[in-house]
Each structure stands twice: as C-alpha cells, then as structure tokens.
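Trainee: Please take a close look at one part of this model and describe its surroundings in detail.

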Amino acid sequence: MATTLASHGRKAFTTALVACAAALAGCGTAPNALPSFPPFPSSSNQSRPMTEEQTRQAVQGDWISIAPEVRPSAAKNADGTLKPFYLKRAFKALPDDRFELAIVNSADPNGAVPLARILIKGHMLWRGAHPIAAGAQKVDFVADEAYEVTPLIQGFADLLNQVASQGYAKWELNGTQSVFGKSFAPFGLAAGRHFMEYDLVYLRGDMLFWGARHIDGRGFDTEQNRPTNLQIPLVRP
C-alpha cells in the first residue's frame, strides 16, 4: 500500500473490509454463497508434491529476481507506517546444502539507485514440511561462511562511517568489508553469532518461492516468526 494514504482513509478502508467479511460470514449457510476456484494448475513435470530430498536436489543451481522487489521494514515513517525497502536477489544453491546469496538494496522501487550489495554464504538446514503448500519445506538459512557489505553510493558509505566505524576500516564507495562474526549495528548483527533466518522453500516448476515478510516488519528470527506466506518467486536466469 502507498504510504501517502491518510490515516483516516486507511481506517475507513479497514472498517469497510471488516463489515464486508461479517456480511459474508452471515451467508455461510446459503448454497453457493462463495464462488469455487479451480485448483492451482500443475506443471507437466510436477504432478505431485516433491519430497524433501527431491526439493534439495531440484533447488540446486542459480536463481534471480524477476524484477526489483519491495519489503516492509521495521523502521517507521513519521505517520507510523512502515518504511519500504527495495532489493534484487541472486541466489545459488550448491551441493552439501551450501548456498550463496547476493542482495542489492536500492533507494527506489525501480532499482535505479543502488545503495549497497550484501553477500551471504552458508548452509541450508532442512526442518520438515511447511503447511503453506504441499511440498513446501521449512528451511533455516545460516550465514556460517561469509557476510560481506559493499556501499554502492557515497551517502551510504558516509552513513556507515558514522554508525559502524568501530572494528572496521574506513568505509569507501565500492569497497567491500566483511562483517562476518562481528558486531554490525545497521543490520543488527552481534559479535560471535551467525546470522540465521527461519524461512521456507517451495518449488513450483521453474519458480523458487521463499517466505513473504510479515506485514508488521518482523524478521524471521525465531521459529514463531517463521513465514506463513509465499514471497514473489525467483526464476532461473
């Protein structure tokens, strides 16, 4: 949703939705009260859900974002709405459950003003089936090999020199530094602790889905905060 909506407008919209939902609930006993939808079409090579082992094999290789993506952040605007942040992903699933993930954050929804590049390397820990879709799997992503940050605009390098100078060389434009195993306040990293997210993986044909961010900006930092919806998918390059 656009963050420029007035607060009273959002309240009215929410009230209307609640009223509509209540009206539909009252029609629950009426025949054909709600339309029926056809099942999600199955691809020719995926007529039945994949097992965990099949998913672990099929996910291997390269995946990229279809287009710049938007996420809700934990930071808020002056009116209390969540600030969005924009990114593109390039993911590589390797043998032995290893992965590499490169993320480019941008200042605008079209990705025209890149701010920083983040490179994470680590392991995928498979935790069993996820109920969001048949064949979906719970997966923990652990950055236990590498975590690097590269400022792509001078303003971001200047900001890092203000808030993340201790323990680091001077942050320079296009200069990469490792934050692996260190404190890094901008990303909430603690010294001696590997970054980890409780996520999910779902493969559908040539599309790779992870979990969608919670609408209140919460991260996937606990089992209770594991995602319950699907994010826009990655595709093969």
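Mentor: Leaving aside residues up to four places away in sequence, Arg218 touches Arg213 and Asn225, a contact being heavy atoms within 4.5 Å. The model is predicted, so local features need pLDDT of at least 70 and side-chain atom pairs count only at pLDDT 80 or more, whereas totals for chains, interfaces and linings use all residues. Residues are numbered from 1 along each chain as its sequence is written, and side-chain values use heavy atoms, with hydrogens and water left out.

Arg218 lies in the loop between β9 (207-209) and β10 (234-235); strands are DSSP runs of E with at least two residues, numbered from the N terminus. Its relative accessible area is 34%, so Arg218 is partly exposed, the class between buried (under 20%) and exposed (over 50%), with a 1.4 Å probe and protein chains only.

The side chain of Arg218 makes polar contacts with the side chains of Asp216, at 2.8 Å, and Asn225, at 2.6 Å. A polar contact is a pair of N or O atoms within 3.5 Å; within protein, one must be able to donate a hydrogen and the other to accept it, and residues adjacent in sequence count only if both atoms are side-chain atoms.

Finally, Ala74 is 144 residues from Arg218 along the chain, yet their C-alpha atoms are separated by 6.5 Å.

Notes:
Helix = DSSP H or I, 4+ residues; strand = E, 2+ residues; numbered from the N terminus.
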